[in-house]
Structures are given as structure tokens and as C-alpha cells.
Amino acid sequence: MSQTGRAGSPGQVASPAALSRRRVLQLGAAALPALCGARLLADALTGSGVETARAADTTAPADAYDPSAHSWAFAIDTTTCIGCGRCVEACKLENHVPEEPEMNRTWVELHVIDQDGTVRVSSPDGGIHGFPTEETMPADDAANVRDAYFVPRTCMQCENPPCTWVCPVSATFRTEDGIVFVDEGRCIGCGYCIVACPYGARYIVPAGETTPKGVAGVVDKCTFCYHRITRGQLPACAEVCPANARIFGDLRDAASPVSVALNENRVRVMKPALGTRPQVWYIGLEEEVI
Amino acid sequence: MTRLRAALARRRPTSRTGVVRAFLAGVGLFAVLVVGLVGVAVVVPWVYGEYGFHPEENARSWAALTPQYADTAVCQRCHEPQYAAWDGERHASVACESCHGPLAEHAATAPVEAPAGSLSIGTPDEGLCAICHEQSPAKPAAFAQVDLAEHYAGGRCLNCHDSHSADAVRPPEIPHSLARLPECVTCHAPAGLKPVPDGHVESSDAACQGCHKRPTAGQ
Amino acid sequence: MTAQVADRRLTLDPRAAVRAVARDVATMSRALKAWLVFLLVLCATGAVGAVLALPAGWEVLGTSPSFEWGILITAYVFFAITTSGLCLASSLGTVFGIEMFLPLEKRHAVLALLSLITAFGIIALDLHYPISMVFGAVFSPSPLSPMWWMGVFYGIYLVFLGIEVWSIFSNHWGIHRYACMLSSITAILAPTTLGAVFAVLGARPYWHGAFTPPAMMTMAFLSGTALLGIVFCLVHRYRLAGYERALTLAIPAIRLLMTITLVVAGLVVAWQILWGMYGVIPGLADANRAIFAGPLALWFWVVRVGAGLVIPLLLLLIPRTRTPEGLFATCCLVFLGIFADRAIFVSAGQIVPGTAVGGVVSDPFAEYVPTLVEAAVVLGAFGFFGLAYTLVERYAPMGEHTGHLAGAFLGSTEQPGGTREALSNLVPAPEPVGPPETVLAPETVLAPETVLAPEPVLAPEPVLAPEPVPPATPSLDPVEDAP
């Protein structure tokens, strides 16, 4: 194994070992453009990725919107929710949510607590067609039921989200105004954030569907209708709620409905022991249920 | 450690040209590193489009989406009668689009010259009333709910209830059979019979009895 | 057309190549032909599944938001821990210098590399954008994410394994020793980080906790040892290259490792379940109930515990079955048991719904059924692994190098072929390298008298066959395949 600098001298054949090492370095140098090319080819084949995302960009929202001046939150009143499911339908139509009934950015659950303390939870198609009384609360059950109420559910936009730091490519992040997003250009669809979320708020967009920005196969979730709240509107679910059960607002504004609701009611969050600090508070939630 | 030092000792440049060569190699390596990092900074925005390292831009792209639901104030611009009937009444907590669906695009593109209500857009389904107002133990007791099996079963909700003001006109009770009455009287008789509301279907005597109940003893 | 490979010129004429292959196939035994056909069928199945699984967003997986990690993730975990276990088992010889674990070392490295490549292939088919992962992990890293670290460690591990395999086949023993040492360190970091991927999730009580990474390590070691046992028994049975030392050293070594590791793994499984039954964390007892008496009970009791722990232990302890054939059966069962174990592990963490996911209330357990495409991909992975290894075993020089028989990173450095000589071979020596008996120059640090004893570290007599381990003599011939 002669490793001296004599390879260039005439008559000296480079040893086979050195030749293969050079080959290895050449291959390494060729790998990076090959990977870039492979990425472009993959994008072209799958027809998604950053190009589509760029194409989906529409006009910018109100430029006066300053994320650092807001802190969005919900207060959900389970004592007034009537389980009509208008919110679920509104969300699906507003946010291009997949039509599959098991994919919802927001949904309504019915919690039925029996006399002996057993809790039963049901959510037919996420509650999008309401809760027909015959199926969900049959009359012959009535004597056994101690309490029953509807619980609208959504992404909690946690202050300490367990979904953001698990992403291997930093595709999901939380903004200053408190919303957790998924960057569809970076998401690889591994599903780690979906198993990490304690509240079941995320899903991978299935075949045949896309996110509102036209990307398939990536993770999607509730964004508190960011495109509406930055324009001064309410999220679609809060807009259509007939029972005033979804109280939305800016925590930084003491006069906003959510601040008032949090001040005037006894509130709790779901799964406080996990330390996620959710930004969705519940009024009248009795049991720690799923 | 000493083995490493011995190995390195053999590698140490032994002449001035060796030292110069080693120094140039170090500078060259550093230059390659700098070029590489600058190259990465240039390549990454190209690979990731306009997002690169800035999640704020991604957030702004989410904010740039187009809302599908307008606000009630937008509906008022063209549909003043319905808005006036709705505003301040018992259905005032129900947004227009809660029943009529997303209509932002309609509001933006509807022809101004067409009279409001002439197009059939967003007319809610008949079953929509039941979803909210069907009686259920899980709904708050103060909420207006009825057992649909008992409440004028077979009739249309909108025959008696105005959808916007939520006012209900209870149909009067007809004490006698409508058979053998002249056909005109069935509809056009004065006091005792309510005016026919829009969309009242043609029906036989038996069907009418669903709403216009024949009085029983003691009623 | 010709190519220069190492010290040989190869003709690259397609027709000649086909003729050569046909001639070679004609020399194969019926059993080998049948085995290759079986593997090719598995690979074809996998290829079909892969083509269907590649386009992003296609609904070919049976996963749902309630149960996002299915059998593809199980297979990935299985192959990833197998490769780490293989390296750990071989490190006993190559790093720590325990002679009884040195034989058949080429097979350790080749199996580990192939297993890791298979693992990467499976995960590439599960991800919706695998190329994005490579770019994303480099350009937008996430040091808080255990999955990012797992990718980093397994990527580094791939590089070190590649160097290790290359250095074995090109006889660079100094580089090989360093590569083995680095691989072994990474082979400890990688599976524990893979365990951490599951362990950090507070939302999944069955996975959560400090116990999961060491349990993953234990199963890694068990799986790697089992695969080595399978291969070594086949080497002995079919008289493949290096079979002489298979019966005397390698098989008893694996038997010893397997016994110890099975006992440890059994304790791990038992205490994990028992602790879970006592646990007051919401959902933990339900998950364990699912394993004990729920949908996973059959897999757990029959496959994982019965076939994967109890029967192998019996086979190892009963004198009548302490044969190479017995070890082969043991290792096959353990290998199957580890796959079932990881499938149960991945399932149990998700089977108990902590919440209604997207409006789906799974009561009492979430449901997941693997689709045909997923099954095809997993079968194809095993087929690819088997086919690649069979081809390497048949066509690559798998014989042992006497130089590395007596050398190890932390071990016998003074013997010829040891670290000192390897290092002196790396650096251009001013004086010519003499025959191996030459004492090295006086500036070397270690005194020449400190020669380590040639006896192996462990007392081998009760375990080995009667003939003694050949002492490493300085008069070894230079090996045949040195450049």
C-alpha cells in the first residue's frame, strides 16, 4: 500500500486501492446534484410540493395585520351548545377539509354521563349532521343518564405544543399570535405530529384531496381560520354557531368576547396534566373524557 | 494518545515547502467551507421555493387564502327585507350562512340588477330545522326544542314558521270536515282560514288535518 | 467493454454475462434454486407494492388519523433494530477483542449493511415525500426532535457501515477497526434514539417513559443475535466459506449470547406488562389489557411469548436440542418473535384512543388492518434482504482474514495484524516495512515485552469444542487476497 506522492511520476501505475478511493470521492461529488435532480423529478411525478404551493398564493391579506399584537383563543360553552353541527359543516366548506367523515378540523362530541359515573362519548360523522336523538340518546336510556352535553372540539393551538418539536424537518411551528401551522412545502407526511397530538386534531390529507393550498399527502389541521381572523372576521365555526357556544377573540384585548367569557366563568382546559397549555377553554366541562 | 502522537509526528511536514503546502491546504479547506455555506444559502431558497428559513412567510400564505363565508352585514346589502325580519328576533343569533351555506363568492359575483331572492342559491334543506330543534336531553333545557313525532307530524316546518323571524302562526283548528265544501272556499274563505303561505302544497283533507286539528272533546 | 475492479479486469459483454449467469445457475443445487425463486417472488410482490405506494397521497395504506403508524413502521423498526443488534453482537469481537465472537465477521458487517438499506427502503415507501426528508433534515433541522436525531444517527451509521464493509473486502484492517468502533458507538445511539422517538410522546401512555429506549436496545441485541445464529447455522450446514470456525466458535458464541439475552428480554417484557397493569396513568392499563386479553392477545401470548421466548429458551437449555439445528430453530423463532413484539409495541401505543381523533370515537380500541400493498411491501423487504444476502454469500469472498482474527480495537494490539501494525501501514514509513517479526523503531511508546496473552478473554472450555484456539503466531502467511 504505497501512499507516497509518487502516483504522478511516469511509469508509476496508481494502485488499485487509490483508484477506488478516487472513484468514491467522485461519486460523492456527484451525489448532491443527483439528489437535487431526484427531488425535482419526484416533485414533477407527484405533481405537488412547493411549485403548487406557490401557485396557490392569492392576494395578500390586510397588510396592517401585526401578529405580535394578538393572542387568539377560544372559549367553548358546553352549556349552550345544541349539537347542531353547523360549525363542522362550515369548517369543511371554508377550509377545503376532505369530505371523508373521519377527517375533520373541528368536530362535536356528545358526552353522556350515567348515574354510576360511566362516561360515553359519541360523535356520528363528527356531528356534521347533528345528533339524531333516536340514535344518540334513545328514550329508554333516559333514566340512567345523569348528565349529557355537547362538546365542540378543535385544535387547541397549545402554547407548549407537543406536535411542533417532534417534527424531524421543522415543518410545523407556532406563530406569535398563537396559531400552529403546517408548512406544506416541508411536510414529509411521516405522521409523527399526528401520533404526538393528545387532542387528535391533525390528519394527513388522503388520496384525491388536497389542502386549501393544493398540496396532497401532507398534514393539515385547524388554523382558527387564519385567513378570516387576520381580516377582522370570526372563524367560520364561530360565525355560524347559532347557540353562541364558540366564543372567539383576542386575549390581549380585555373587551373581546373571549376575555370576558374567561373572566366571568369557571373554565378548564382538556388534559392539563400534559402541560400543553391549550388556548381553548371549556365552560361547563364536567368530566375528563377523551 | 501517544500512539496518535507518534502517527501524527510522522505526518508533520519536514520542509519549508511542506509547511507552505499544509498552510495552503488549510486555507483551501476553509475556502471550500465558506463557498459551501454560501452555496447552501443560495440553493435552499431555490429548493424550498420562497419559504426558505422563514415560517412567517408560510403563515402569511395561510392568511392569503380566500374566505368562503361572508358576514351577515354583507348579506344585508342586498337582502334587506330578510335581514329586517331576522334582526333582533329569536333567530338573530343564527348567522345567515349558518343555514344558507358559504356565500362569499355569491356576494362578490351576484349580478346587481337581479332582484334579491330571484336566484335559488343556498336554499336550506327541509331537514335543517330538525337538526337544531329536535328535542334531546343533551340540549340545554332553555333551548326551543320539540318532539317532532308529536309536533304536527307530517307538516312542513315552514308552513307555519317564518324562517327568518322564527315567528310561528299556529294554524287554526277546523271543526268540520272539508269534504263537500266548494273548492274555492277551501282556500279563499274569510276569517277562520289562514291565508295560504308561499309554497303551501296541494293536499287532501286528511293531510290538512295534520296541522289543522279537528278538535277533540274537552279541547 | 471492460472495467477495472480491484486487481481484476472484468468483461462487460451482456451476452457473455447472461451465459455466465446461466452456467452458474446450472451449477446450483435444487434447494438453492428453489430458495432464489421464492425470494424473487417476494421481491416481485414488493416491487408491485412499492410502485403502488410511491405516489404521494395515494390511499394504499390502511392507516388513519386514529392509527397512523402501521405495519410499515413496524417493519422499519424491526430492520433498524436488527442492524444495530448485528453491529453490537459483532462489536464484542471487533471492538472488545473477545476472540470467540470474532469469526465470520464479514457476515456481521454485510448483514448489518443490508438490513439498514432495507430499513431505509421501507421508510422511503411509507413517507409521502421521502426526498423532501433528506433535504428537510439537512436544511431545516430539528434538534429537539428524536426522529431527526434518529435520522442523523442512522445516516451516520450507514456511512460507517459502508466503510466497514468496504474495508473488510479490501483488507484495510486499520480502517476496519476504526470503522467497527465508530459503528458500534452509533449502533448504541441509534436504537436508543429510535426508542426515544416513541418514548417522548406524553399523548401515548404505553410508549411514554424512560423504559422504552432500553427495551428497544434489548430487542435490538436479541434480533441481531438471532439473525447471526440463523446465518451461522446455515454456514455450518452448507459448508460455506469459513465454516470451520462456525461449529467450534461462532455457534457456541451465539448460543451463549442468545441464552443471556433471552432471559433479559423475558424479564423486560414481563415487568413492562406487570408495571403497566399497576399503572394509574390514564390509558396505560387499557393498553396493557389490550395486549393481555384484547385484540393483541393472540399475537402476544402465542407468537411473542410462546414462540418467541419460552420455546427458544427451552430449546437452548434442553441438552438434546443444544445442536446447530436446535440453535437454528431457536433463532428462527426468536426472529419471528421480535417482529411480533415490535408489531405489538407499535400497535399498543395507538390502540387505546386518548381522545376522539378528528371526530372518530374509537371504542374501546382503535382499528387498523394492513392493506395488501403494505403486506406486499413488507414481504418484498424480507425478499430483498434475503436475495441480496444470498447473492453476496454466493459471489463475494466471505472467507476469513487471518490478520483480523487476532486483532481488535481495544484488544490485542501487539500481535501481528494488530493496531500498531495497521497504523504503521497507514503512514508511509521512512524505512521499508519488514517481515512481521521485525521489532518496530525505538520511538514507539509501548515496550516490546507487553505482548498480550493469546488466550481468549472468556474461559471457553465448557462451551467450545475440544480443540484449543490456535494462538496467533508471528509466522502467519500473508493472506491470499491482499493487494
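Reply: In this predicted model, chain C is built from 15 helices and 2 strands. Of its 483 residues, 51% count as buried. Contacts in chain C with a separation of 6 or more come to 77% from residues 24 or more positions apart.

The peptide bond that joins D363(C) to P364(C) is cis, with omega at about -5°. A366(C) belongs to this loop between α12 and α13 as well. Is A366(C) buried or exposed? A366(C) counts as buried because it has 20 C-beta neighbours inside 10 Å, and the cut-off for that class is 20 or more. Once neighbours within four places in sequence are set aside, the contacts of A366(C) are S66(C), F67(C), Q350(C), I351(C) and P353(C).

Elsewhere in chain C, helix α6 covers residues 146–169 and contains 24 residues. From first C-alpha to last, α6(C) reaches 34 Å, close to the 34 Å expected at 1.5 Å a residue. Helix α6(C) is largely enclosed by the rest of the structure, because 17 of its 24 residues are buried. After the helix comes N171(C), which has a positive phi near 60°.

Chain A gives the context. Its secondary structure consists of 8 helices and 11 strands. Of the 290 residues of chain A, 51% count as buried. Among its contacts between residues at least 6 apart in sequence, 64% join residues at least 24 apart.

The mean pLDDT is 84, and 80% of the residues reach 70 or more. Over residues 1–14 of chain A, however, pLDDT stays under 50, and the model has 11 contacts beyond four places in sequence for this stretch. Residues 46–60 of chain A also stay under 50, with 32 such contacts in the model.

Strand β2 of chain A, residues 107–114, is largely enclosed by the rest of the structure, because 6 of its 8 residues are buried. β2(A) runs antiparallel to β4(A), and 8 bridges join the two. Within this pairing, L110(A) has F150(A) of β4(A) as its bridge partner. β2(A) is also joined by 4 bridges to β3 (residues 119–122) of chain A, again in an antiparallel arrangement. There, V112(A) is the bridge partner of R120(A) in β3(A). The hairpin of β2(A) and β3(A) has 4 residues between the strands, and G117(A) takes a positive phi near 95° in it.

A further group of 4 strands in chain A forms an open sheet with mixed pairing, in the order β9-β1-β11-β10. Its edge strands, β9 (246–250) and β10 (267–268), each pair on one side only. Helix α8 of chain A, residues 257–264, packs on this sheet and touches β1 (72–77), β9, β10 and β11. The direction of α8 makes about 115° with that of β9(A). Between β10(A) and β11(A) (residues 280–283) there are 2 bridges, and these strands run antiparallel. The bridge partner of R268(A) in β11(A) is Y282(A).

Q157(A), in the loop between β4 (145–153) and β5 (172–174), is not a glycine but has a positive phi near 45°. Q157(A) is buried because 27 other C-beta atoms lie within 10 Å. C225(A), likewise not a glycine, has a positive phi of about 45° and sits in the loop between β8 (219–221) and α6 (226–229) of chain A. C225(A) counts as buried because 30 other C-beta atoms lie within 10 Å.

Technical notes: Residues are numbered from 1 along each chain as its sequence is written. Chains are lettered from A and ligands numbered from 1 in the order in which they are written. This is a predicted model: local features need pLDDT of at least 70, side-chain atom pairs count only at pLDDT 80 or more; totals for chains, interfaces and linings use all residues. The expected span of a helix is 1.5 Å times one less than its number of residues. A residue is buried if 20 or more other C-beta atoms lie within 10 Å of its own, exposed if 12 or fewer, and partly exposed in between; C-beta atoms are placed from the backbone. pLDDT is the predictor's confidence in each residue, from 0 to 100. Two residues are in contact if their C-beta atoms, placed from the backbone, lie within 7 Å. Two strands pair if DSSP finds at least two bridges between them. Axes are lines fitted to C-alpha atoms, for helices over the stretch in contact, and angles run from 0 to 180 degrees between N-to-C directions.
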